[in-house]
Amino acid sequence: QVQLVESGGGLVQAGGSLRLSCAASGSIFRINVMRWYRQAPGKQRELVAAITSDGSTNYADSVKGRFTISRDNAKNTVYLQMNSLKPEDTAVYYCNLGIWATRNHYDYYWGQGTQVTVSP
């Protein structure tokens, strides 16, 4: 069984910074891709950033140059450093990890979500 625990959300003024973390634990053989999504009220969930097992990254256009995704494989953790935050970044942020629980079992797991609120 795999568990994901997110942390780091909160309330910040526009222009401020936050760092989100998502730590995986349990039966983990290897972690493949790690992603951050967000969902604002009344909107669909959208992909914010992703990082592959070899460290390749990609970002939504709306966050390029402001957000940085990184991973610590030894800690089974993915981070999202968010700088120059804007009110439109307000959303619940979810991590999504592609995990090999065993050599033969691969699945995607979601974190519980963490609220990020950016005030004007």
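**Close-up views of a predicted model**

**View 1. R66 sits in the loop between strands β6 (57–59) and β7 (67–72).** The model is predicted. Relative accessibility at R66 is 11%, so the residue counts as buried; the cut-off for buried is under 20%. The R66 side chain makes a polar contact of 2.7 Å with the side chain of D89. Beyond its neighbours within four places in sequence, R66 touches Q81, M82, N83, S84, L85, K86 and D89.

**View 2. L47 lies in strand β5, which spans residues 46–51.** Is L47 buried, exposed or partly exposed? Its relative accessibility is 33%, so L47 counts as partly exposed. With neighbours within four places in sequence set aside, the contacts of L47 are R35, W36, Y37, N58 and A60. One of these, R35, is 12 residues away along the chain, and its C-alpha atom is 7.4 Å from that of L47.

**View 3. Strand β3 (residues 18–26) pairs with β1 (residues 2–7).** The two strands run antiparallel and are joined by 6 bridges. V2 stands opposite G26 of β3.

**View 4. Strand β3 also pairs with β8 (residues 77–82).** Which sense does this pairing take, and how many bridges does it hold? The β3 and β8 strands are antiparallel, with 6 bridges. L18 faces M82 of β8 across the pair.

Methods. Residues numbered from 1 in each chain as written. Predicted model: local features only at pLDDT ≥ 70, side-chain atom pairs only at ≥ 80, totals over all residues. Heavy atoms only, no water. Helix = DSSP H or I, 4+ residues; strand = E, 2+ residues; numbered from the N terminus. Buried < 20%, exposed > 50% of the residue type's maximum accessible area, 1.4 Å probe, protein only. Contact = heavy atoms within 4.5 Å. Polar contact = N/O pair within 3.5 Å; in protein donor to acceptor, adjacent residues only side chain to side chain. Pairing = 2+ DSSP bridges.
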